[in-house]
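Here is my note for a colleague who is opening this model for the first time. Please keep the structure in view while going through the points.

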Amino acid sequence: MTIWQNYISAYRSILPMKIEGLWASWEGKGTHLNAITHSHPYFLKSRQVEIRDGKNVDIFNCIAYPKTGSNLPCFGMDLMAFSEKKVIVVFDFQHPKENYPYRVEGLPVATEDYRFFEKGNHFSDNIFVRYCKMEEVNAYLSTFKEYLTKYKDMVEYEKPTGTDTSVYKDFDAYMTRLDPVSGYLKSKFGKEKADSLVNDFLFEYG
């Protein structure tokens, strides 16, 4: 059982998606990876990756890409556990436009700068980042639900219909350059698979 189960359940409840398919299911050096795509009437896709080694590593990464034409951000989450005491919880509204200031009123505003998460450049002022222990992950669940509910409301208000994937070209290219786990993926599954996951699945619009 993943330590992120309550987050995954909240995501699927608040923003229900239809499972489209299993893009990859890999085993390498004791580590298992699943890459899955989901669909929704207002989204081009939601794609998620789960990585676990059955011991300490437990990673859930997901980005939902709304359909285009309404200037909406993506919703992204990086839920990463590497050991009992090294856990990172990240979720945010990630706008596809480069250097586009974005803030949702009524939600916490980040007061620090974080490595890999650059406020004002695809990441919003509301980016939520917490470092904690495994036993503490659910302390941020209510905030996660609040963010996701705000996001669901804005998407349902706009009801986007466009399918211009070029809107996400800069966003995915930026995320490819930023991606902090490519080295880890290569060490577990080899360079060919790792590169394919990043370029053909995680950030295919770049």
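1. A disulfide is taken here as a pair of cysteine sulfur atoms within 2.5 Å. By that criterion the structure holds zero disulfides. The cysteine sulfur closest to that of Cys-62 belongs to Cys-74 and is 10 Å away, which is too far for a bond. Cys-132 is likewise in no disulfide, its nearest cysteine sulfur being that of Cys-62 at 19 Å.

2. The model is predicted, so local features need pLDDT of at least 70 and side-chain atom pairs count only at pLDDT 80 or more, whereas totals for chains, interfaces and linings use all residues. Residues are numbered from 1 along each chain as its sequence is written, and side-chain values use heavy atoms, with hydrogens and water left out.

3. Are these two cysteines buried or exposed? With a 1.4 Å probe and protein chains only, buried means under 20% relative accessible area and exposed over 50%, with partly exposed in between. Cys-62 counts as buried at 0% relative accessibility, and Cys-132 is buried too, at 6%.

4. Helices (H or I, at least four residues) and strands (E, at least two) are DSSP runs numbered from the N terminus, and two strands pair if DSSP finds at least two bridges between them. Seven strands form an open sheet with antiparallel pairing, in the order β1-β2-β3-β4-β5-β6-β7. The edges are taken by β1 (18-28) and β7 (128-132), each of which has a single partner strand, so one side of each lacks a neighbour in the sheet.

5. Within this sheet, β4 (58-66) and β5 (74-83) pair in the antiparallel sense over seven bridges, and Ile-59 has Met-80 of β5 as its bridge partner. Nine bridges join β5 to β6, the two forming a hairpin with two residues between them, and Met-77 stands opposite Phe-91 in β6. Eight of the 10 residues of β5 are buried, so that strand is largely enclosed by the rest of the structure. Strand β6 (residues 86-94) is also joined to β7 by five bridges, with Val-90 opposite Val-129.

6. Helix α3 (residues 169-178) lies across β4, β5 and β6, running at about 165 degrees to β4; axes are lines fitted to C-alpha atoms, for helices over the stretch in contact (heavy atoms within 4.5 Å), and angles run from 0 to 180 degrees between N-to-C directions. Its buried residues are Phe-171, Asp-172, Tyr-174 and Met-175. They cover an arc of only 160 degrees around the axis, which puts them on the same side of α3, the arc being that of the directions from the helix axis to the C-beta atoms. The buried residues of α3 pack against β4, β5, β6 and α5 (191-202).
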